[in-house]
Amino acid sequence: MASLNYSAPSTSHAPRCRGEFAAVVIGNHRLCRDHYRLVLRLENFPPSHPGQFVEILAPLQAMDSDSHEIEWDFGRPRPPLRDQFLAADLPYLRRPFSIAGRRDGPGMAYTDIDIIHRVVGKATGILEHQRPGDKLSILGPLGNGFRVSERVKNALLVGGGVGIPPMIYLAEKLARRGMNVVAFAGAQSRDLVSLTLRPDFAVPADLLPVMAAAEFSAFGVPVVLATDDGTLGFHGYVTAALDAYLRCHAELRSEQTVVYCCGPTPMMRSTSVVAGKFDLSCQVSLEQPMACGMGTCQSCVIKYRPADAADWVYKLTCTDGPVFDSRDIIWP
Amino acid sequence: MLVLRPVPPYCKPDRRRDRPANPPIVAARPLQSGNAAANCLIMNTTTTPSTVESKSPSLAVRIGRLSLANPTMTASGTCGYADEYADFSDLSRLGAFVTKSISKLPRKGNESYRVIETRAGMLNAIGLANIGLERFISEKVPRLARMGVPVIVNVPGWCTEDYADVAERFDREIPVVAGIELNVSCPNVKNGLSFGTDPVRLAELVAAVRKRVHRCTLIVKLSPNVADVAVTARAAVEAGADALSLVNTFTAMVVDVEKGRPMLANGTGGLSGPAIKPIAVYMVHRVYSQVAKAHGIPIIGMGGIQTWKDAVEFLLAGATGIAVGTALFVDPASPQKIFDGLTAYLARKGKSSVQDIIGTLNTDSP
Ligand SMILES: Cc1cc2nc3c(=O)[nH]c(=O)nc-3n(C[C@H](O)[C@H](O)[C@H](O)COP(=O)(O)OP(=O)(O)OC[C@H]3O[C@@H](n4cnc5c(N)ncnc54)[C@H](O)[C@@H]3O)c2cc1C
Ligand SMILES: Cc1cc2nc3c(=O)[nH]c(=O)nc-3n(C[C@H](O)[C@H](O)[C@H](O)COP(=O)(O)O)c2cc1C
Ligand code: FES
């Protein structure tokens, strides 16, 4: 029988690798129809990696111990009343968002992180109305980021819709390592491309990567744009663009090339098929409904079976992922 | 301070003697330094210096044989197996930690989607996914031992032996586990009947587990999906439960209006969060006044607790412990904030101990 021994709780002062942080909104920019970039300033934010995410508590829900009723700041005009406010249908849980970029202030005095989100519902409908000076609570950085091996020389970044943001952060990291990086960004239509298009670059309708998107060209990364309806760039799915690109670029079909992907589940599934066809390794950042983001609720499961395993198991997207090797995933 | 365990009446003395002497279950810890903030608050909000409390009110409570430094606990399934929240909150300030349900064999659980948010709450249909007893003991128990707070393990089951085997294993072999919480609200059990809704089967189950649990405090977690929760509460208490916890989640459904299907893969799920709090408070009060008070059985109240005010509602209604569940997802540090708010409340009300307010709800018509 083990002996009962309560050791003193850990008092280590090692820097935290994650935690809850008060963030101040320093910018909220509309990128295109429905997409916004929120710039948040934090203090003492731990190191983070592309592919990691944060859990944001949409405000209007004060979490102090006195009240959890909605607290309006009466000194300012209310945000526009939308249907959900009228129905008092406010978000209760936090929402996960990928880190889309990070800039540390001088001497790490502060950190700015970018969140790019699409307005689809309750919480994003509130984030849309954030203004400089507003405060948000964030938990993070959460999850495991993309893995980068020393061996790899070429990276193909494939982002679809709200899967583009983590690719921006990843592009920076890989470009700084001197890797040869090409981004593929897909959207349903021109007005849903959540990137800042540079007026000095025409977007070709073929597969030529160009410095057309400011978010990627800032790090010297060219992009192939694709829209489902052909209103901008390549006409078709971004996965079709990737497939066509790899067919023309035999030199990329090697062990030194990795495909990194984030987007809607069907798009990630077909990206993994394309990567498999050319024998390329592929990392996907998965999205599942998450209640906690911290590995406690067991809600965010995906079916996982590595090549050598007999049976599949559930893995948690939030703490085992969100980045997985695409070959290990049993797609829903 | 060491806590002496009274010999429970259901334990035959000879059965107790063939066990090694057990170490004290919990050495009650002094109130943590985190109290300083609460003390400041008290000083600031007290109007006249003469009423300033020099001593913080005592938050210590007892649940069966467990002595807790304060009434705040975690609710099963919302706080993982052990120290998952360590980076986000000071777990050593909890009164007790309650684990995810641990079943005899590992369980994969339900298909995705397992959760969906609702107004002021959420539905979950996790399906008791867990790593199973053996992995829990080898991987998580050592971490639990390092947390420095009393540990209660939640035990689900599909037949009486499932519950009794797991409970006995913890009771005999895992000293760090000081309490067993029987989760009797599983929808699928033998004979298609749920232990949690049939008082006869519930009494049989509790009596059977009681025979095999001698050291740990035995808690029965009641289902709210019954016509009168006092009936199942009485069955559990008369069969030998040391404490009751309520409520588990309410069976509920959300419809995907685009697909015309339930949102959750399981069809139904359990509703939790602030949305259920008023019903939970009522149920705690009903069980307290109808059953628990007369039998001297403590209640662990839960259901939508997020702030100290929520906690005080439950305490006044008759709960001795209060567990935070869904709110941990939003704010993993909420138990500590509740602790501070509760301390300030007691001081403001001139109470020297949290025990002075438990069950003091005045229901006389004004
Ligand atoms: C790891 C991770 C990273 C992410 N990163 C990003 C990111 O960088 N950027 C980004 O924009 N998003 C990201 N997401 C997705 C983001 O979390 C969601 O878009 C966000 O949670 C939506 O919150 P909401 O409150 O605005 O929407 P909700 O109100 O929660 O609604 C979500 C969707 O469900 C639909 N819905 C709700 N109820 C019903 C119903 N009864 N019937 C039919 N449909 C219904 C809504 O119409 C909406 O489309 C990420 C997700 C994960 C898991
Ligand atoms: C995601 C989730 C998982 C849960 N898992 C369990 C469980 O495994 N065993 C159990 O007894 N209760 C479980 N519960 C119920 C909670 O312990 C609690 O009784 C209920 O959620 C009400 O409290 P709350 O409103 O504070 O969350 C779970 C609740 C949630 C939200
Ligand atoms: S979101 Fe809770 S376990 Fe992943």
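This is a predicted model: local features need pLDDT of at least 70, side-chain atom pairs count only at pLDDT 80 or more; totals for chains, interfaces and linings use all residues.
Biologist: Where does ligand 1 lie, then?
Modeller: Ligand 1 is found between chains A and B. Chain A elements that give two or more residues to its shell are β4 (95–98), β6 (111–118) and α2 (122–127).

Biologist: Which residues come nearest to ligand 1?
Modeller: The shell around ligand 1 holds 25 residues, and those that come nearest are A:His117, A:Gly121, A:Ala123, A:Thr124 and A:Val162.

Biologist: And how do the residues of that shell divide?
Modeller: Around ligand 1 there are 12 nonpolar, six polar and seven charged residues.

Biologist: What about ligand 2: why is its site said to be shared?
Modeller: The site of ligand 2 is shared between chains because residues from both A and B surround this ligand. There are 27 residues around ligand 2, and B:Ala75, B:Gly77, B:Ser101, B:Ser272 and B:Gly325 are the closest.

Biologist: What classes make up the shell around ligand 2?
Modeller: The shell around ligand 2 consists of 10 nonpolar, 15 polar and two charged residues.

Biologist: How many residues do the two chains bring into contact with each other?
Modeller: Chain A has 39 residues in contact with 46 residues of chain B. On the side of chain A that touches chain B, 21 residues are nonpolar, 12 are polar and six are charged.

Biologist: Let us turn to chain A alone. How many helices and strands does it have?
Modeller: Chain A has six helices and 17 strands. Of its 332 residues, 44% are buried.

Biologist: What is the order of strands in the open sheet of chain A?
Modeller: The sheet has seven strands in the order β4-β3-β7-β1-β2-β6-β5, with antiparallel pairing. Strands β4 and β5 (101–104) of chain A stand at the edges with a single partner strand each, so one side of each has no neighbour in the sheet. On average, neighbouring strands of this sheet are turned by 35° against each other, direction ignored.

Biologist: Could we take one pair? How many bridges join β1 to β2 in chain A?
Modeller: Seven bridges join β1 (residues 19–32) to β2 (residues 35–42) of chain A, and the two strands run antiparallel. In this pair, A:Val25 of chain A stands opposite A:Leu40 in β2(A).

Biologist: Which strands does helix α3 of chain A touch?
Modeller: Helix α3 (residues 164–176) of chain A packs on the sheet and touches β4, β5 and β6 of chain A. The direction of this helix makes about 50° with that of β5(A).

Biologist: How is chain A divided into domains?
Modeller: Chain A is divided into domain 1, covering 19–142, and domain 2, covering 154–285. Between these domains, 15 residues of domain 1 are in contact with 15 residues of domain 2.

Biologist: Which element gives the most to the domain 1 side?
Modeller: With three residues, β6(A) gives the most to the side of domain 1 of chain A that touches domain 2 of chain A. That side divides into six nonpolar, five polar and four charged residues.

Biologist: Finally, what does chain B contain?
Modeller: Chain B has 10 helices and 16 strands. It has 366 residues, of which 55% count as buried.

Terms used:
Residues are numbered from 1 along each chain as its sequence is written. Chains are lettered from A and ligands numbered from 1 in the order in which they are written. A residue is near a molecule or strand if its C-beta atom, placed from the backbone, lies within 6 Å of it. Helices (H or I, at least four residues) and strands (E, at least two) are DSSP runs, numbered from the N terminus. Ala, Val, Leu, Ile, Met, Phe, Trp, Tyr, Cys and Pro count as nonpolar, Asp, Glu, Lys and Arg as charged, and the others, Gly among them, as polar. Two strands pair if DSSP finds at least two bridges between them. Axes are lines fitted to C-alpha atoms, for helices over the stretch in contact, and angles run from 0 to 180 degrees between N-to-C directions. Two residues are in contact if their C-beta atoms, placed from the backbone, lie within 7 Å. A residue is buried if 20 or more other C-beta atoms lie within 10 Å of its own, exposed if 12 or fewer, and partly exposed in between; C-beta atoms are placed from the backbone. Domain bounds come from an automatic or database domain assignment.
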